[in-house]
Each structure stands twice: as C-alpha cells, then as structure tokens.
Amino acid sequence: MIQGLVLACLLAIAATATSAQNLRVRSGEHDGYTRLVVQVPGGAEWNLRQLRNAAELNVPVEGAVYETGSVFDRLSENRLTSVSQTQPGDALALTFGCDCVARAFLHRGTMVVIDIAPGQFTPPPASLPQTWSGDKSADPKLPTGIPSSALALPLWDLSRRDLESQLMSRILQGVDRDVVDLDLSDVGPRPSTAMGPLRIPKDLTSNLQVTSVLDELRGLGGMTEPRINPIPACITDAELDFDAWSGTQPFDHQVARLRTGLFQEFDRIQPDSAMKLAKLYTYNSFGAEAVQVLNLLSEQSKAKDRIAAIAYVMDDRPIPEPNPFANQQRCDGDAALWAVLTEQELQPEANLNVIEQSFVGLPPHLRHLFGPALVDTLVKADKLEASRRVLRAVERLDAGNRPELGLARAKISDTAGDDVIAKTLLSDVATSSQAAKDSALALARLIEKRWSDRGAVSRQNLDLAAAYAVELRRSELGPMMARSHALALSLNQEFSDAISLIRSSPEDKDWRRTHDQVLQVLADRADDVTFLHHALNLSPKTRDQLSLEAAITLSERLAALGFAQQAFALANRPKDTVRRGDRARLRAHAAILNARPRQALLEVSDDETDEARQIRAQALVQAGDYAQAATVLRQMGQVDAAARYFWLAGLTDEAGAAGKFGNLARLGLALGQSIERTPEKPLADATALLEESRQARGLITDLLNAAGETTE
C-alpha cells in the first residue's frame, strides 16, 4: 500500500511538472539581424507563423509560459519592438519595428533560433507551407513542377524532409518513364564516370523537345547550396601564449630594450620587435600604445589581429571586423575568455568553467580592468553564480569600495530580484565622487528602476541627474543622462519640464522610448487637468509613434475620464498587432461612452474575460436588453445586480430567486393580485375591502423600505 501511495505521488508530481513549463527567451544583436533563442523541451514540436512585420511562435506544450523579461536588455536596434503572450499555452507574438522577416531553425534539439532581418514579406502561395516548423509528423507533399517565380522563399528554406520527398517522387517518376533505374552499386569506393555529351537525333523537327525528369528538376530554381560558415579551429594556449607577452624584467626596461631595436637601418621597422612591443603594451593594459605600434606594420597576420582585438577591448573601443576570437567561446583555452570579452555576449555553447579559470589566471591589473565587464556579460546571460565568483575574484585583490565593483554588485542583485539591495547599491555609487562615469551610470540605472516600480526620485538624485546632464553633455554619456533627467522629472511629477526637455531633444528611438515612459507616468500620477493638458495636445505624428504600452495606458485614462473619441483612436492604430484583447476592450468601452452598444458587443464578442463580460453587460443594459444583461451578470456571480435587471425586465420569477430585488418582486406580485368582491353581501364586501386596504398599506410600506435598501 505504501508503495502504491509513493507511486501515485510521483505520478502526480510528474503530471504537475509537465502541465506547465517556462520557456526562456534570450536575445542578442548581430550584424544585420536580431536573434532570439527560445529554450524548448527536447523533442517538442514548434512552428513559426510569418505575418507582415510580425510573427508568432507556437510550441504546443501545455501551459507553456515564455519568460521574456530580459529580451530587450541586449537589443539596441528597432527590429523587434514587442513580445507578448496572451495566456499560458498561447503562441508568442513578435512585433517588428521595420520591414522585416523572421527565419527559424532548431539548434541542438532544444533551442529554437529565430533571426529577424530586414526583408520584404511576401505571402507564400497556398501550395507551399506557410510556417517554419519543427513538427515531426508527416510534412505536406509539395506539388510537382513548381515554377521558380512562384516561390516566396528559396527551397533551401523548406524542411529537409520536404526536399527528400520531392526528390524521391521525381526519381520514382523517372523510373516509371524508364529514364533512370534503381540499380545500386556495391558498397565501397568506385571511380566517378564523367557524363558524356548529350546525343540528340538529327531527324528531330524544330518544334519537338525531349525532356526528362532530371530536366524538370532544373526548373525548381532557388535550390542553391547554402552558404556554410565553417566553425574556425580553436586557438590553443600554445599558439596564443598570452603569459609570455611580458618578461620578468621591469616594464620600463623591457620597453626601452624593444624600442631600441624597433627600427633597422634606413628607418625600416623590425617586425619581430614591433610584435613583441605591442604584446608587452597589451599585457600591461596600454591598449592605445599597442595599436599605434601595430599600425607601423604593413603586413596583416593572425597574431596582429589578436593583439589588436585585446588592445581595443582594453580601451573600451569597438573591435574591427572580423573578430579574430569569434566562435571561440566553446574552446578549452584562454581564447574562450578573450572571445567573451571582445564579443561582450555569452554564447549558449560557452565553456563557462574554462572562462572563469582563464580569468583567475590573469595578472591582478587585468582582473581589475576586465572584472566588471565580465560580470556585466555574465549577468546579462543570467549566470548569477558565475558572476558572483568573478566578482569575488576581483574583490580579493582590492578591499576598497570601487564604484565599478559597486555597480557590478547592483547588477547582480537586480537580476537576482533583490530590489532593495540593488537600489541601495546604486544610490551609493550614484553619490560617489570617485568616478564620474560609473556614478552617472549608476544614477541612470537607479532612475530606470524607480520608473519600473513607479517610485519617486529624491531631490538630491534629481539635482544630480541635472548636473550630470550638463557636465557630460559632450561625452558619449550625455544623451543618456539627459534622458535620465527627463525621466526623473516625470517621476517627481514635474511633467511640463520633462515634456519640454523631450520636445527640444533629437527625434531618435532612445528619446521616443523616454517619451513613452514619461507619458505612462503622466497617465498613472498626474491630476486630471494636467493629464488632459498634455494627452490631448499630442500631435498625430507623436500618437502614431507611441509604443503599444504607452498608447494603451493613455487610452485607459482617457476612457476613464469620458474622452471616448481620443481613447478609441489610441486603441485602434493599424500598426498594433499584439494585445488584441486589451485594445478590443478599450474600443468597446469607448463605444459605450459614445452610446454605440452594438459596436461594443462586436468588439468583445469572442472575449470571455471578466472585464469583457462586464463590458458586455453594460452594452446590453444600454441597448435595453435587461434580461440578457441579467443573464451575463448572473454568470459572473453578481446575483443582486442580475436580480435587479431581471426585475426591470419584468421577469419576476427570475428576480425572486434571491437578494433584495427578490423582495421587491414578491411585494410587487402581492400588490398586483386582484381583489375578490361579493356584491350580494354588502357588509362582508365592505369588511373585505377594509382588510385589503390595510394589507396594501403594509405591502407599500415594505416595498418602500426594500427600495431604500437597494439604493444604499
């Protein structure tokens, strides 16, 4: 019996575990495309539906929930504007901010990789599959003889099974026509035989053409071989030999010796001395000096490119393409560490243990230099334990409270969900005077977190943001601090100053995002007059450029204040393709405000949420259909309200079921009963009339009391 109970518990746990799964979604920017990676269970089916400037990923796993909280942390382009899921188990909706198309493939059996790149969407013909699919069931057979002009996508983009089926059907057709045979050669090596010239009979007339199944295959078009990017071989530690880039002598002695031998006669460069000097500068974190020495060399080499890449990343400068450490994070040597530091993104195949070991093996001054950047990369990849180990390796070298280390601690705490600790650390770094750059970054992130939880910004931090915006206005941090200042003003309900600052700024995607954030705070916090002053004065161009979240937030506030036309316009923008239910409910609410109940019913006809049912009941009441409105309210559990509308509809039997309006219905029925008269007995008839009058006065009193209770 105990064994049976244990087995039942295990089965229940297994059923619970499989009933709902979280599918993590990661992102990254690449040259020319944006990549999303969705972790799916092994062997799960999937398909990607292509839409105009949008796509939908469907993984038919019961209760699947896509974790999209960190998707936009690494995205800098506007190819992807929103990701959303209506409810667990539904598809993941992707909205593009450009004329883009999406391609997808399955990597390692558990990762669906979606690449979003600029392209023109062309609806495929009905004969072609319209989704990218990982379905293991039988794929639909393609029709034979498809002209190349009818293909919206090259045939290579179809699944391997489709191509195999197509080719096999063609071969079998050739066998039926005696064009080819199925005589297979024995297993083993055999020489290839060149195809001889095609012999055409001389007596054929010019209006005849001889073709075969092989000729038909040529008409498929687009069946080109893919561009295969071979994975480069790993750079070994012996080949890189980073530890030997500096000798044991003092740094200045080594520099003097190498500089002395840098030039030969006639001022010609000694390549060997130049390479050694560049390595020495790089090892001691003099990146700019190393690049200057490398520029003296005219010949390109792999060693020169690797030194230059490390030197550039030391000075936080963009690395020239191609990156010599690309596709090296999977390797078992120091190249994996330099690949992470130069690419600034942790790849799924990264060898994390080797990367940490290589970092610990760096000299102390390089651990100081690269530690915060490596922690930031690991935090973005959600490798919190690894980031803590790297941070501890740096803290062991320096007991001081360096601002960059405090900023790294805040990032780890924020990703781990420790908001209080993260805000405290960011506040400490923001008010530190040791490093203006790190303090400014910490302040910008603190203001962003305050916006996320709709908190307030202290007057000290607001003044500090204004000071940084002026002080760093000519630096690369200037635009970011100006945007942080505008956001801080809105959080302190200084909306006029914030919007004035935004209107005087450049119209780029970063400022548009800040404008959206300010308007959302405006809708949440501003009083009615201030909100209407700014919300009703938005230009048509600004309304069209609003993000979906900002448009919905403004529409909800406008609808609540009774501005139906403006609320409807924000909820009915043609470019919005996600959050259809929210937008439909807002349009229905606006329709009710405009006394158009039938339109409201159409908007929420397929919506079964409680909010939609409430809107449906209001529309039915406005249309005068009290009985149907009462039925909807009763389904929602609002018994008293349902009884009231049943009573108004004259359905006293339904209204009398329960509640205060049941009393009204019963009293109404009692008052409506006819009086039996006995004219042949005048005295008895008069006595009965007096009794009926007394009872009627009592019922009227009870009716008035019941009506008073319903209005309380």
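Predicted model: local features only at pLDDT ≥ 70, side-chain atom pairs only at ≥ 80, totals over all residues.
I took a disulfide to be a pair of cysteine sulfur atoms within 2.5 Å. Residues are numbered from 1 along each chain as its sequence is written, and side-chain values use heavy atoms, with hydrogens and water left out.

**Disulfides**

I looked up the disulfides and found two in the structure; with the bonded cysteines numbered in sequence order, the pairing reads 1-2, 3-4. Cys98 and Cys100 are linked with their sulfur atoms 1.8 Å apart, and the angle of -80° about the S-S bond makes this link left-handed. For burial I used relative accessible area with a 1.4 Å probe and protein chains only, where buried is under 20%, exposed over 50% and partly exposed in between. Cys98, at 23%, is therefore partly exposed, whereas Cys100, at 0%, is buried.

Cys234 and Cys331 form a disulfide with sulfur atoms 2.1 Å apart, and the link is left-handed, at -85° about the S-S bond. Cys234 lies in the loop between α3 (213-218) and α4 (237-240) and Cys331 in the loop between α8 and α9, so this pair ties together parts that are 97 residues apart in sequence. Helices here are DSSP runs of H or I with at least four residues, strands are runs of E with at least two, and both are numbered from the N terminus. Cys234 is partly exposed at 32% relative accessibility, while Cys331 is buried at 1%.

**Nonpolar cores**

I defined a nonpolar core as a set of buried Ala, Val, Leu, Ile, Met, Phe, Trp, Tyr and Cys residues joined through side-chain atoms within 4.5 Å. The largest holds 55 residues, of which Phe325, Trp338, Phe359, Phe370 and Leu374 touch the most other members. Helix α8 gives the most to this core, with eight residues. I then checked Leu374, counting contact as heavy atoms within 4.5 Å: leaving aside neighbours within four places in sequence, Leu374 is in contact with Leu337, Val340, Leu341, Ile355, Phe359 and Val390. A second, separate core of 42 residues includes Ala444, Leu462, Leu519 and Leu558.

**Sheet**

I traced an open sheet of five strands with mixed pairing, in the order β5-β1-β2-β9-β8, where strands pair if DSSP finds at least two bridges between them. β5 (65-67) and β8 (100-107) stand at the edges with a single partner strand each, so one side of each is left without a neighbour in the sheet. Strands β2 (residues 33-39) and β9 (residues 111-118) pair in the antiparallel sense over six bridges.
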